[in-house]
Amino acid sequence: MKLFDVYPLFNIEIVKGLGCHVWDTEGIEYLDLYGGHAVISVGHSHPDYVEAITGQVRKLGFYSNSVINSLQQTFADKLGKACGYDDYALFLVNTGAEANENAMKLASFHNGKKRIVSFRHSFHGRTSAAVRVTDNPKIIAPINETALPVTYVQMNDADAVETELKKGDVSSVIIEGIQGVGGIQMPDDRFLQDLRELCTKYEVVLIFDEIQSGYGRSGRFFAHQHAGIRPDIITVAKGIANGFPMSGMLISPMFTPVYGMLGTTFGGNHLACAAAISVLDIMKKESLVENAEKIGDFLIRELRALPYDGIKEVRGRGLMIGIEFNESIKEARTKLLFEEKVFTGVAGTNTIRLLPPLCLSKTETEDFLFRFGKVLNIGV
Ligand SMILES: Cc1ncc(COP(=O)(O)O)c(C=O)c1O
């Protein structure tokens, strides 16, 4: 059987990883400034993480959500403390899209309304409701089109949001902490404060998709915490279990759970919880949120200071950084990968996205800047 060919692949197979480095089948070493698309939070194959997963699977890999799994509560307790949402409740699922799907569903159960307000250039996943609120017609199939009324609004336009919420039929507003796929676009703190007020005023559920921007990446546990606000539901995935498929929703006390309202076979399974607990332990032990802030500030400063006219803007917070060029970055990114052995991400045609593991060191950052400088033909 052949593979269903939907991914344009680089001709590289990664077979080993450690910290911020990965190796291919030829033994060639790469610096990983991409983290497998913001997934690697604590570094590749961290020994504590490896031990946690292997230790757990030796005991029990899986049992269903019909019996107590105390690992879920252990994880919830640690997560509540780490992110400052001790009073919220946790529901665990498997992928980012599934977390957003459940968040919008819970909002709709809660207020009985249907319409959703989303933002231009947003990305929230590829399942039915999640893709419907994603601002990309190319990945919305006909079956997704009519099922759900959605209005896309310009980010940072509080008046436009209010015009929609006033109509009285909006169930939830969904917004990324920092837009990732959209090119590292940051909502203004003031706009987020207005958005919080508007959602409270019009009794609309405010959902923050922190799937890419959360889990320490922005230099705070969640990107929205830079604006000092609290959403009603927060969705998390990617970095939560360092590559083990897992996601979740943090749910405010205003929601009442009802048996059978939400559910999943694999969500919160023993192996996923063991992985996620070890991620939080490592993040705490190695102060990775603080590291993301410190190294991110340094990297953003250095990138902004590069003597290179082709860079239009450097955006981001912590270790979620977009380098927008005046022209296509295809050649620079290809050179970075094949000549300088550095993995990076991309957004659109002109923006390089940096989403490294949160343990990126100063030396590794300087190494990246040196290799990036070589690609741009400037000595750094
Ligand atoms: C902000 C955001 N939301 C949702 C998703 C979807 O996550 P998944 O691919 O795990 O379904 C992504 C994935 O890139 C994302 O960046």
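# Exercises on helix packing, domains and a ligand shell

The axes of helix H2 (residues 47–59) and helix H9 (residues 270–285) cross at roughly 155 degrees and come within 9 Å. The model is predicted.

**Exercise 1.** Classify the packing of H2 and H9, and list the residues that meet.

*Solution.* Start with the crossing angle, roughly 155 degrees. Angles over 145 degrees count as roughly antiparallel. H2 and H9 are therefore roughly antiparallel to each other. Next, take the handedness: H2 passes H9 in a right-handed crossing. Now list the residues. H2 brings Asp48, Tyr49, Ala52, Ile53, Gln56 and Val57. H9 meets them with His270, Leu271, Ala274, Ala275, Ile277, Ser278, Val279, Asp281 and Ile282. Last, sort this contact by class: 10 residues are nonpolar, three polar and two charged.

**Exercise 2.** Describe how domain 1 meets domain 2.

*Solution.* Domain 1 covers 14–46 + 287–375, and domain 2 covers 47–285. Their C-alpha centres are 25 Å apart. Second, count the contacts: 27 residues of domain 1 touch 29 residues of domain 2. Third, find the elements on the domain 1 side. Helix H1 (35–38), helix H10 (288–304), strand S11 (311–317), strand S12 (320–325) and strand S15 (351–354) each supply at least two residues. H10 gives the most, with five residues.

**Exercise 3.** Which residues come nearest to the ligand, and which helix gives the most to the shell around it?

*Solution.* Take the shell as a whole: 14 residues lie around the ligand. Of these, Thr95, Gly96, Ala97, Gly125 and Gln212 come nearest. Then look for the helix. Helix H4 (residues 96–111) gives the most to the shell, with three residues. Finish with the classes: the shell has five nonpolar, seven polar and two charged residues.

How values were computed
Residues numbered from 1 in each chain as written. Predicted model: local features only at pLDDT ≥ 70, side-chain atom pairs only at ≥ 80, totals over all residues. Domains from an automatic or database assignment. Contact = placed C-beta atoms within 7 Å. Helix = DSSP H or I, 4+ residues; strand = E, 2+ residues; numbered from the N terminus. Near = placed C-beta within 6 Å. Nonpolar A, V, L, I, M, F, W, Y, C, P; charged D, E, K, R; others polar. Axes fitted to C-alpha atoms, helices over the stretch in contact; angles between N-to-C directions. Parallel < 35°, antiparallel > 145°, perpendicular 65-115°, else oblique. Left-handed = near helix turned anticlockwise from the far one by under 90°.
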